[in-house]
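Please open the model in a viewer and keep the selection tool at hand. The stops below proceed from one selection to the next.

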Amino acid sequence: MFGLGMPELIVILVILLLIFGATKLPEIGKSIGKTISEFKKGMREIDSDKEEKKEDKTPAVKK
């Protein structure tokens, strides 16, 4: 994970705690989680749109 070990992650968490405070960290985590889920949802929609376009371009086989 980007070469970060447990000590580095703890230092980052302590710095974030000092900057934002204990009351803001859960709100920040919640908003980051929502952002990531919306991004993934958007990527899935883009992929499904691309697949639909590929299916529309394939010629129908006539017998």
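**Tour of the chain**

Begin by selecting G21, which takes a positive phi of about 90° just after α1. The model is predicted: local features require pLDDT of at least 70 and side-chain atom pairs pLDDT 80 or more, while totals for chains, interfaces and linings use all residues. Residues are numbered from 1 along each chain as its sequence is written, and side-chain values use heavy atoms, with hydrogens and water left out.

Next, display the whole chain as a cartoon. Its secondary structure consists of 2 helices and 0 strands (DSSP runs numbered from the N terminus, H or I of at least four residues for helices and E of at least two for strands). Of the 63 residues, 0% count as buried (buried is under 20% relative accessible area, exposed over 50%, and partly exposed in between, with a 1.4 Å probe and protein chains only). The accessible surface comes to about 6200 Å², 66% of it belonging to carbon and sulfur atoms (Shrake-Rupley method, 1.4 Å probe; for residues, only the protein chains shown count as cover).

Now select α1. This helix has 15 residues and reaches 21 Å from its first C-alpha to its last, close to the 21 Å expected at 1.5 Å a residue (the expected span is 1.5 Å times one less than the number of residues). Within α1, at residues 6-20, pick I12; I12 is partly exposed, with a relative accessible area of 41%. I12 also belongs to a nonpolar surface patch whose members, including L4, M6, L9 and F20, have about 1100 Å² of accessible area together (patch residues have over 30% relative accessible area and no salt bridge; nonpolar side chains, namely Val, Leu, Ile, Met, Phe, Trp and Tyr, are joined within 5 Å and like charges within 9 Å).

Move to K24 and E27, which form a salt bridge with the closest N and O atoms 3.7 Å apart (a side-chain nitrogen of Lys or Arg within 4 Å of a carboxyl oxygen of Asp or Glu). The two residues are 3 apart in helix α2, so about one helical turn separates them.
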